[in-house]
Amino acid sequence: MTELNSVLETIALRSSIRAYKDDKLTEKQIIELKRSALEAPTAMNKQLEKHIFITNKDLLNKIESIAVEELIKNGGEDMKSRLIARNNSVLYNAPLLVLTFCERGLRFADVNSGIAVMSMALAAKSMGLDSVIIGMIDCVFSCAKGLSIMQELSIPDTYRFAISIAIGNANTEKAPHEYNLKGAREFK
């Protein structure tokens, strides 16, 4: 294996953490995470995504409660089993949730959003924080209760939820997943 530089080492060490300490992030950490999202490349450098940084515990609990309610109501048995195994938690006590919204109908919006979230995940790891990328809370923003949250957050009707990331100090350890070279093909 080749020697890893700091970026490759950060990529190799990152894993999805699903348990966080109560420790709040510092203002400096949040500013750096915002920078990492806003410096991420987007198609034609349009930078149209809206990244909403939430540290308000009441709002985090409200989002999680709606997500769990919707997932239990509309998810299958596998989803219900996952929720039970995770103590009905989808935000895992993380002190920061970043919701990314993108313009409806905009080509590459999901790609742009994913790049920004991965940029935040790597920035978080490089600062000694951990993260988990969360897509399943999309159910929050397609129900009436969630739409009121979008209004509360001043998200225009022309935008939709794309992806989110929870960030904090890990309260558990998890080894990064093993990669399989069969997933990458090369033609010479």
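User: What should I know before I start?

Analyst: The model is predicted, so local features need pLDDT of at least 70 and side-chain atom pairs count only at pLDDT 80 or more, while totals for chains, interfaces and linings use all residues. Residues are numbered from 1 along each chain as its sequence is written, and side-chain values use heavy atoms, with hydrogens and water left out.

User: Let's take helix 5. Where is it, and what span should it have?

Analyst: Helix 5 covers residues 109–126. Helices here are DSSP runs of H or I with at least four residues, and strands are runs of E with at least two, numbered from the N terminus. At 1.5 Å a residue, its 18 residues should span 26 Å, and the end C-alpha atoms are 26 Å apart, which agrees. The expected span is 1.5 Å times one less than the number of residues.

User: Which residues of helix 5 are buried?

Analyst: Ala 109, Asn 112, Ser 113, Ala 116, Val 117, Met 120, Ala 121, Ala 123 and Ala 124. Buried means under 20% relative accessible area, exposed means over 50%, and partly exposed is in between, with a 1.4 Å probe and protein chains only.

User: Why would residues three or four places apart point the same way?

Analyst: An α-helix has 3.6 residues a turn, so residues at that spacing point the same way.

User: What covers the buried residues of helix 5?

Analyst: The cover includes helix 2 (27–38), strand 1 (50–54), strand 2 (96–103), strand 3 (130–134) and strand 4 (159–168). Contact means heavy atoms within 4.5 Å.

User: And what follows helix 5?

Analyst: Gly 128, whose phi is positive, near 85 degrees.

User: Switching to strand 2. What does Thr 100 touch?

Analyst: Thr 100 lies in strand 2 and counts as buried, at 0% relative accessibility. Leaving aside neighbours within four places in sequence, its contacts include Ser 113, Val 117 and Met 120, which are among the buried residues of helix 5. Arg 160, Phe 161, Ala 162 and Ile 163 are also among the contacts of Thr 100.

User: Which side chain does the Thr 100 side chain join in a polar contact?

Analyst: That of His 51, at 3.0 Å. A polar contact is a pair of N or O atoms within 3.5 Å; within protein, one must be able to donate a hydrogen and the other to accept it, and residues adjacent in sequence count only if both atoms are side-chain atoms.

User: OK, helix 3. What covers its buried residues?

Analyst: Strand 1, helix 4 (77–85), strand 2 and helix 6 (144–152) are included in that cover. The buried residues of helix 3 include Leu 59, Ile 63, Glu 64, Ala 67 and Glu 70. At the start of helix 3, a side-chain oxygen of Asn 56 reaches to within 3.0 Å of the backbone nitrogen of Asp 58.

User: What is Ala 67 in contact with?

Analyst: Val 90, Ile 137, Cys 139 and Val 140, leaving aside neighbours within four places in sequence. The C-alpha atoms of Ala 67 and Val 140 are separated by 5.2 Å, though the two are 73 residues apart along the chain. Ala 67 has 0% relative accessibility and so counts as buried.

User: Now pockets. What volume does the largest pocket have?

Analyst: About 460 Å³. On a 1 Å grid over the protein atoms alone, a pocket is an open set of points where a 1.4 Å probe fits, with protein on both sides within 12 Å along at least five of seven lines; lining residues have an atom within 4 Å of a point. Points are joined across faces, edges and corners, and the volume is the space filled by probe spheres set on them.

User: What lines it?

Analyst: The largest pocket is lined by 17 residues, with Ile 11, Ala 12, Pro 176, His 177 and Tyr 179 nearest its centre. Helix 1 gives the most, with four residues.

User: What about the second largest pocket, which residues line it?

Analyst: Asp 22, Lys 24, Leu 25, Ile 30, Thr 55, Asn 56, Lys 57, Asn 93 and Pro 95. Its space is about 170 Å³.

User: Where does Asn 93 lie?

Analyst: In the loop between helix 4 and strand 2. Phi of Asn 93 is near 70 degrees, a positive value in a residue other than glycine.
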